[in-house]
Amino acid sequence: MSRVYNFSAGPAVLPEEVLKEAADEMLDYQGSGQSVMEMSHRSKVYDNIIKEAEKDLRDLLNIPDNYKVLFLQGGASQFFAEVPMNLMKNKKAGYILTGQWAKIYGEAVELASSADKTFSYIPDCSDLDIPEDLDYVYICENNTIYGTKYKTLPNTKGHILVSDVSSCFLSEPMDVTKYGVVYGGV
């Protein structure tokens, strides 16, 4: 078999040893007699998997104890609804538009945009005009469709920063304490 190395945005090449380990465990995960896809999310084996995954994320990203790590279904599209449903008190959020996005609930206030040049750059976000009654400021940190990536986070002037990091999650160090919510949907 000849291997194809995918360096495109999104799914990418994995080391062969990782793929072989996953294949070996597909029918019998660590002697449990079943695959991870077949076991109950309440089982001891699965509980150990999720606890280890959370510990690894906390270690890799230096996530403080006062931050929660959640493993949720639904991907980025679901988060377009979950974030406002959980954070909106004034029903108003600020968006820095650097590409495709979805407004599901509440009022979307455009704080900055790069639509004038087909989202080919990240707008200056050092001194945004941010209304006091915004519940949060939202960004998509790395836009693979248009090839842009934030080098400096926006100055949210004390508002919660929500960031979709689906396209850059764990690709580089990040200070999670600069965010209120970080999510990566697949």
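Glu-16 is partly exposed in this predicted model, with a relative accessibility of 38%. Its side chain meets that of Arg-3 in a salt bridge, at 3.6 Å from N to O, and the structure holds nine salt bridges. Four aromatic pairs are also counted, and a buried aspartate, Asp-164, has no salt bridge.

- Beyond its neighbours within four places in sequence, Asn-6 is in contact with Pro-11, Ala-12 and Val-13.

- Side chains of opposite charge can pair when their charged atoms come close.
- Asp-47 and Lys-51 form a salt bridge in which the closest N and O atoms are 2.9 Å apart.
- Both Asp-47 and Lys-51 belong to helix α2 (residues 44-61), where a separation of four residues places them about one turn of the helix apart.
- Asp-47 is partly exposed at 30% relative accessibility, whereas Lys-51 is exposed, with a relative accessible area of 52%.
- A salt bridge also joins the side chains of Lys-55 and Asp-59, with an N to O distance of 2.7 Å.
- Lys-55 and Asp-59 both lie in helix α2 as well, four residues apart, or about one turn of the helix.
- Elsewhere, salt bridges with shared partners join Arg-3, Glu-16 and Lys-20 into one network.

**Aromatic pairs**

- A pair of aromatic rings is described by the distance of the centres and the angle of the planes.
- Among the four aromatic pairs is that of Phe-119 and Tyr-146, which is tilted, with 5.1 Å from centre to centre and 55° between the planes.
- Phe-119 lies in the loop between β2 (107-113) and β3 (136-140), and Tyr-146 in the loop between β4 (142-143) and β5 (148-149), so this pair ties together parts that are 27 residues apart in sequence.
- Phe-119 is buried, its relative accessible area being 15%, while Tyr-146 is partly exposed at 27% relative accessibility.
- Phe-80, Tyr-95 and Tyr-138 are linked by ring pairs into a cluster.

**Asp-164, a buried charge**

- Asp-164 lies in strand β6 (residues 160-164).
- Asp-164 is buried but takes part in no salt bridge.
- The nearest side chain of opposite charge is that of Lys-149, 11 Å away; a salt bridge requires the nitrogen and the carboxyl oxygen to be within 4 Å.
- The side chain of Asp-164 does make a polar contact of 2.7 Å with that of Ser-166.
- Leaving aside neighbours within four places in sequence, Asp-164 is in contact with Ala-76, Tyr-138, Ile-139, Cys-140, Glu-141, Asn-142 and Tyr-183.
- Tyr-138, one of these contacts, also belongs to the aromatic cluster with Phe-80 and Tyr-95.

Conventions. Residues are numbered from 1 along each chain as its sequence is written. This is a predicted model: local features need pLDDT of at least 70, side-chain atom pairs count only at pLDDT 80 or more; totals for chains, interfaces and linings use all residues. Side-chain values use heavy atoms; hydrogens and water are left out. Rings of Phe, Tyr and Trp (its six-membered ring) pair if their centres lie within 6.5 Å; planes under 30 degrees apart count as stacked, over 60 as edge-to-face and the rest as tilted. Helices (H or I, at least four residues) and strands (E, at least two) are DSSP runs, numbered from the N terminus. Buried means under 20% relative accessible area, exposed over 50%, partly exposed in between (1.4 Å probe, protein chains only). Lys and Arg count as positive and Asp and Glu as negative; His and the chain ends are not counted. A polar contact is a pair of N or O atoms within 3.5 Å; within protein, one must be able to donate a hydrogen and the other to accept it, and residues adjacent in sequence count only if both atoms are side-chain atoms. Contact means heavy atoms within 4.5 Å.
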